[in-house]
Amino acid sequence: MVVRLNDILDTVSKYAPDADLDLIMRAYMYAAKMHAGQTRKSGEPYLIHPIAVAGILAEVQMDVDTIATALLHDTIEDCLTTREEIEAMFGPTVAELVSGVTKIGKLQFRSKAEAQAENFRKMVLAMAKDVRVVIVKLADRVHNMSTLEHMKPEAQRRIAEETEEIYAPIANRLGLHRIKEQLLDLCLKYLHPEVYEELTEAVAATADERDDYIRRTTDLLADRLHNRSVPCEVNGRAKSLPSIHRKMVEQRLEFEQIYDLLAFRVLVEDIQTCYAALGTIHGQFKPVPDKIKDYIAMPKVNGYQSLHTTVIGPERQRIELQIRTHHMHRVAENGIAAHWRYKEGHLDLDPKSIETLEKLRELFEAAHEVQDSNEFLATAKSGLFADSVYVFTPAMEVRSFPAGATVLDFAYAIHTDLGNTCTGAKVDGRMVAMRHALQSGERLEIVTKKDQTPSRDWLDIATTGRALSKIRKALRDAERDQGIEMGRNMLTSELKRHGQTIAKLTKTGIIKALLRSHGFKDTDQLFLALARGQTPLAKVVKELLPEVEWTPATQEKNGISALLERIRGRSASPVRIAGEGDMLVTYAHCCTPLPGEQVTGYITRGRGITVHLSGCRQLLALEEERRIPVEWDRGAKSQHNGELTIVCANRAGLLANISGTCEKSGINITRASANPLEDEQSEIQMEVSVRDVSELNKLISKLEKIKGVLSVDRVRK
Ligand code: MN
């Protein structure tokens, strides 16, 4: 594959007559200067590589910025050029693209686990904000794979595996069929050399016979179609080696018949003619049942459209046919790139709209792929690719996080202990703080300190549900430990006044008897009950020392007043509730109140204050003397759960619309489930995390506007 600059210029000016060829020439000159004296492993001048990559991209009719990027793609990595220099010479678009390709080039896939591969693919897509970066990387991979013979066998295998697991599926997802087939062909060559050789020989050995059959069949098909006034172009070809191999593996076929290698294609002007051609062919040749697929009415997720059928053709052979329009053909070959419009050879879209185009595609995919409510939730939570970040663990595993997640989220995702003792992290060798926001491609190593413990302000640093709930648990545990300590001190000092100790009383067995009679599992439970005021100290001392006339040393505060004092702090009344971080306040499940709503507190026995809506029926049924006035602390920025019931029609893509609406409003879905109702309807139960009631109300009115949504209600029991 020797490509020269002139070949590229010729090819480009054919599909883009007004293209800015000057940019390509300048990029070529610069690359030639920068790579001067460098050689490839093969001993050839290095410049051959960028030219070949540019050639591959000209073949798939890419814009001039992409082709210039191909010529320059290794200059930052290998020649110490800077992004600034490229920007000054070739403008911001090319600079952004070249630095994007450089960044992705640094990623190396290690694990073969399926989930890791999927995450890694997403990381590549997320890091390349402009999809053209990925396309250049794919072309780079095609050329590197085609020169793999100069590498050591382990390197060949590793690169081929990475190509098969990561890059070929990405090419498929972007609909870049030709690039995908080239990559898979080379993967087969290096991963299954015997199969590759066998198939190559078989294909070569039957070449004459096959070409003859193809010619006779295309002539016959074209004749029959033209006779019935179906204007079309018919061609036939041998299938690619990887697709023959795929078919053999999937259908457990032996390679026997040349006919299994063939595929015929009918290209027509418009969609009606596709169906007319299909009808005509089925009228002339017997169709094989169950082999008809209508990808025009139901396109594949990557945008592919065609009619597929298999008929009994000449000499009673089964032949496979694809029927499509010329436009569908371009899309089938070149994927999303086929939709692009060009102006003077440059892409006639600003980078922002390229990004939007991508997001649309992904939403489209999500709507098709979502199958059950769990998956719906995962999709809703992780959002679109662009809203997730993908980072490496020290073991080079890929982990995904919602955009905005911090080092602390990462630490808790790896291990709870790592989170609880986290002080920061090393990112690619440099220290960052706990609140550092993760960036795709970073490799993190958590730094810990033995005596580190979570504090309340960590609730503002963590963003993921997992980290937040682990921090809350750690804070609760710490509070419990403090309570135990406090209770122990209360009892110890009281016993001391009477010349007793806990240890002495334990020996006599009386403590054990007390624990049993109160139903405590251990002394910790007793201490905790004392501290919380659930069990009065006086009563315990009386049981332990029945002979002593007991007078309290200090006025014992009962549980409720001690609690109130702690909550009230200095003076303020009514009690301010700070939000979810507040350990002594819980929100009633019956009415799930939100900030902004009228609320009343209820002092429970030993579980702090439960906050109800002021009009809640359950609250009104409870003891009046335990109700206390409370109000929301306006300064507090906490999240609260609101529950919604959505009744909707069973419409494709509706779940994606709902999650997209939450996403756009910046609202997280924390739980969701869907149940079918009668009459083609479903009921979705969804819990969302909001700041206050007005945010929830705004979301409700947006959800109500979605087509297919019949009603949205808050859940109130
Ligand atoms: Mn390269």
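Which side chain makes a polar contact with the side chain of S243? Keep that question in mind while the whole chain is on screen.

**The whole chain**

This is a predicted model, in which local features need pLDDT of at least 70 and side-chain atom pairs count only at pLDDT 80 or more, while totals for chains, interfaces and linings use all residues. Residues are numbered from 1 along each chain as its sequence is written, and side-chain values use heavy atoms, with hydrogens and water left out.

Among contacts (heavy atoms within 4.5 Å) with a separation of 6 or more, 66% join residues 24 or more positions apart.

**Colour by confidence**

Next, colour by pLDDT, the predictor's confidence in each residue from 0 to 100; the chain averages 82, and 85% of the residues score at least 70. Widening the selection to residues 363-386 takes in a run where pLDDT stays under 50 and for which the model has 44 contacts beyond four places in sequence. Residues 568-573 also stay under 50, and here the model has two contacts beyond four places in sequence. Where pLDDT is low, the predicted coordinates should not be read in detail.

**The manganese ion**

Now centre on the manganese ion and show H49 (NE2), H73 (NE2), D74 (OD) and D140 (OD), the protein donors, which lie 2.1 to 2.4 Å from the ion. Donors are here N, O and S atoms within 2.8 Å of the metal (3.2 Å for Na, K and Ca), and the site may look incomplete because water is not among the atoms. Along the sequence the donor residues follow the spacing H-x23-H-D-x65-D, and both H73 and D74 are buried.

Select S243 in helix α13 (residues 241-250). The side chain of S243 makes its polar contact with the side chain of S240, at 3.1 Å; such a contact is a pair of N or O atoms within 3.5 Å, where within protein one must be able to donate a hydrogen and the other to accept it, and residues adjacent in sequence count only if both atoms are side-chain atoms. S243 counts as buried because its relative accessible area is 16%.

C232 is likewise buried, at 16% relative accessibility, and C274 is buried at 0%. With a disulfide taken as a pair of cysteine sulfur atoms within 2.5 Å, the count comes to zero.

**Q452 in its loop**

Move to the loop between β13 (444-448) and α20 (458-461), where Q452 is placed. Q452 is buried, with a relative accessible area of 18%, and, leaving aside neighbours within four places in sequence, Q452 is in contact with N420, T421, C422, T423, M434 and W458.

**I658 and its neighbours**

Finish at I658, in helix α28 (residues 654-664), which counts as buried because its relative accessibility is 0%. Beyond residues up to four places away in sequence, I658 touches I646, I684, M686, L703, I706 and V709. The C-alpha atoms of I658 and I706 are separated by 7.6 Å, although the two residues are 48 residues apart along the chain.

Technical notes
Helix = DSSP H or I, 4+ residues; strand = E, 2+ residues; numbered from the N terminus. Buried < 20%, exposed > 50% of the residue type's maximum accessible area, 1.4 Å probe, protein only.
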